[in-house]
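Here is a walk through one protein chain, from the whole down to single residues. Keep the sequence and the structure side by side as you read.

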Amino acid sequence: MGKKGKKEKKVKGAEKTAAKMEKKVSKRSKREEEDLEALIAEFQHLDAKKTQVVETTCPPPSPRLNASLSPHPEKDELILFGGEFFNGKKTYLYNDLFFYNTKKNTWAKTDVPNPPPPRCAHQAVVVAQGGGQLWLFGGEFASPDGEQFYHYKDLWVLHLNPLKWEQIKAPGAPSGRSGHRMVLCKKQLLVFGGFHESTRDYIYYNDVHCFSLDSFSWSRLAPSGSGPAPRSACLMSPTPDHSGVIVYGGYSKVRAKKDVDKGTIHSDMFLLKREGKDDQEKWAWSRVSAGGVKPPPRSGFSGGVCVGAGGRALIFGGVCDDEDEETLEGEFYSDLYLYDITKNRWHPGQLKGVRSEKKKRRRGKKGGGGEGDETEEKTDESASPQEPTEIIKEIVTEDGTVMTIREAVPVARAESESDDDEEDEEEEEEGAAASLVEPCARSNAMAAVKGGRLFLYGGMFEVGDRQFTLSDLYSLDLHKMDKWDVLQEMDPKTQEWLEESDEEEDDDDGDEEAKGGESEEESEEESESEEEDEHPAVQAGEALEAYQRRTEAYWVKLARANMGPDAKDKKVQKVGVAMAKVFYEEQEGA
């Protein structure tokens with residue numbers, strides 16, 4: 001009893017410390033978030049002008065990471081929303097919505113009225129009910145200079161038939177966060193982990209929240225057992241019978257000493273299992289010791305999807321950072337690992353290569369008819385492919401930077417044959433296999449499984465101090481595991497990077513560019529001048545305080561329209577004042 005009591009006190013003490021830290025972070029970030037609320041409210045004001053759904057065929061989306069990519073529950077489509085892009089000086093956040101047709105390899109941009117504000121590192125889950133729905137929770141918004149952060153705690157649903165955005169306001173929602181994970185477990189959305197960050201402080205979470213798709217209500221779970229440490233960016237996948245979820249890996253950091261943070265890459269695994277009936281259900285954590293060939297430790301991997309009824313989850317890529325007090329260097333990965341939830345085993349997803357019809361027929365004859373074919377099929381499945389070789393390509397971008405891309409090339413399995421013709425056939429096959437490529441190493445890419453195929457889009461990797469954000473698209477048949485299909489190649493011309501010493505060419509860009517809404521300069525200028533004409537103009541020689549007093553009623557009314565009738569008057573007043581300040585400073589700097 002003594003040990004148990006001591007352990008319970010320790011747990012309660014940790015919970016108290018976490019609560020204090022959350023309060024501290026929340027207090028310090030409050031002022032930052034109030035400043036950013038002005039920008040967010042302005043974006044919502046622009047989006048409010050959209051009154052009808054407009055769908056246009058378009059080129060592939062711009063380079064980005066930390067967006068959401070989800071399989072459509074009924075159509076051969078993928079749904080891409082949001083994300084971020086950093087060009088060395090400025091951070092761009094998006095709230096654009098794209099549909100990718102997996103059969104036709106085409107993209108369509110769809111403008112739906114009243115969308116969620118721009119964000120990244122959010123979570124999206126599709127459900128089949130109500131004609132198909134995409135549920136979206138949380139995420140973060142950053143100031144253009146990347147110094148301030150706003151963490152959302154809002155819940156949205158995109159109705160897919162017909163297309164319509166709707167914000168769901170329900171009490172008891174999780175605190176604002178990004179980097180969390182959300183999955184569908186029967187008729188519930190389970191949210192786990194994530195983090196909240198301000199300029200000086202941060203906190204990582206390991207709490208579990210549940211949103212009922214029947215009652216539209218939030219509840220916080222209190223599982224028994226010892227669960228995962230606080231973390232973000234983990235793998236979270238439902239079990240095949242939807243009685244629980246698997247949590248693997250993730251990342252967190254702690255303050256080692258003043259101005260020095262120490263990051264931790266987690267590689268442990270847990271099962272959160274539900275027991276009992278719906279009205280008396282209980283949840284329990286338990287640690288899982290998986291077998292097989294486990295992935296090397298990493299963060300920023302893509303995955304978290306369940307493949308088929310067999311229950312396989314997967315992860316792709318990621319980065320392992322080598323941190324010390326002065327530098328941060330990372331090794332990026334381009335490998336694929338699959339986890340069999342039923343068998344509790346990891347195995348690397350190595351490509352088998354494409355076999356020609358001639359070789360299949362030759363092997364069939366050697367095997368002696370039908371029985372030989374069956375035997376050969378089993379041999380194909382059990383044989384382990386050789387390690388892939390690595391080809392290094394150098395691409396020179398428009399600004400002269402040399403970008404090195406490492407591509408893993410699968411090697412076809414060769415058999416020693418005495419017949420000269422068979423040797424020639426094998427050489428031809430090896431030559432064909434050598435042309436196969438895999439996605440380059442990356443982290444924070446978007447991954448989704450549709451129709452038994454894994455689709456991988458975008459992400460980023462680093463070379464020295466420079467970050468490359470990608471816009472390529474690949475697919476892999478998870479049943480054949482033969483080759484990656486290149487659906488969209490990376491265009492080096494999109495690799496924009498502005499050094500600190502570069503001229504401040506983009507300083508006069510409007511908020512719409514920071515949002516990433518329009519890609520053409522003329523559209524941006526028209527949008528900006530349109531907004532300037534609508535807002536009260538700044539008079540010659542007018543001070544900021546005088547402008548705010550003179551236009552207070554207008555900005556408060558605009559803030560109220562964007563924040564809704566439920567927002568407190570005091571907060572609406574603050575946002576209105578901040579919006580006036582943002583507009584005033586834009587006009588003075590123009």
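The paragraphs below begin with the chain as a whole and then turn to its parts.

The model is predicted. The protein chain has nine helices and 30 strands. It holds 590 residues, and 49% of them are buried. The accessible surface comes to about 30,200 Å². Carbon and sulfur atoms account for 47% of that surface. How far along the sequence do contacts reach? Take the contacts between residues at least 6 apart in sequence: 59% of these join residues at least 24 apart.

Start with strand β4, residues 91-101. Eleven of its eleven residues are buried. Both faces are covered. One side carries Thr 91, Leu 93, Asn 95, Leu 97, Phe 99 and Asn 101. The other carries Tyr 92, Tyr 94, Asp 96, Phe 98 and Tyr 100.

Which strands pair with β4? Strand β3, residues 77-86, pairs with β4 in the antiparallel sense over nine bridges. Within that pairing, Glu 84 has Leu 93 of β4 as its bridge partner. The two strands form a hairpin with four residues between them. Gly 88 lies in the turn and has a positive phi of about 105°. Strand β5, residues 106-111, also pairs with β4 in the antiparallel sense, over four bridges. Here Tyr 100 has Trp 107 of β5 as its bridge partner. The hairpin of β4 and β5 again has four residues between the strands, and Asn 105 takes a positive phi near 55°.

Now find Leu 134 in strand β7, residues 133-137. Is this residue buried or exposed? Its relative accessibility is 1%, so Leu 134 counts as buried, the cut-off being under 20%. Which residues does Leu 134 touch, beyond its neighbours within four places in sequence? The contacts are Ser 70, Ile 79, Ala 124, Val 125, Val 126, Trp 156, Val 157 and Leu 158. Leu 134 and Pro 73 are 61 residues apart in sequence, yet their C-alpha atoms are 9.1 Å apart.

Next comes a sheet of four strands. It is open, its order is β16-β17-β18-β19, and the pairing is antiparallel. β16 (235-238) and β19 (282-288) stand at the edges. Each has a single partner strand, so one side of each is left without a neighbour in the sheet. On average, neighbouring strands of this sheet are turned by 35° against each other, direction ignored. Inside the sheet, β17 (residues 244-257) and β18 (residues 260-275) pair over twelve bridges. Arg 255 has Asp 261 of β18 as its bridge partner. In general, strands of a sheet pair through backbone hydrogen bonds.

The last stop is helix α8, residues 552-563. What should its span be? At 1.5 Å a residue, its twelve residues should span 16 Å. The end C-alpha atoms are 16 Å apart, which agrees. Which residues of α8 are buried? They are Trp 555, Leu 558, Ala 559 and Asn 562. Seen down the axis of α8, these buried residues fall within an arc of 100°, so they line one face of the helix. The face turned away from the buried side carries the exposed residues Ala 553, Lys 557 and Ala 561. Gly 564 follows α8, with a positive phi near 90°.

Note on methods. Residues numbered from 1 in each chain as written. Predicted model: local features only at pLDDT ≥ 70, side-chain atom pairs only at ≥ 80, totals over all residues. Heavy atoms only, no water. Expected span 1.5 Å × (residues − 1). Buried < 20%, exposed > 50% of the residue type's maximum accessible area, 1.4 Å probe, protein only. Arc of directions from axis to C-beta. Pairing = 2+ DSSP bridges. Axes fitted to C-alpha atoms, helices over the stretch in contact; angles between N-to-C directions. Contact = heavy atoms within 4.5 Å. Areas by Shrake-Rupley, 256 points an atom, 1.4 Å probe, with all protein chains shown as cover.
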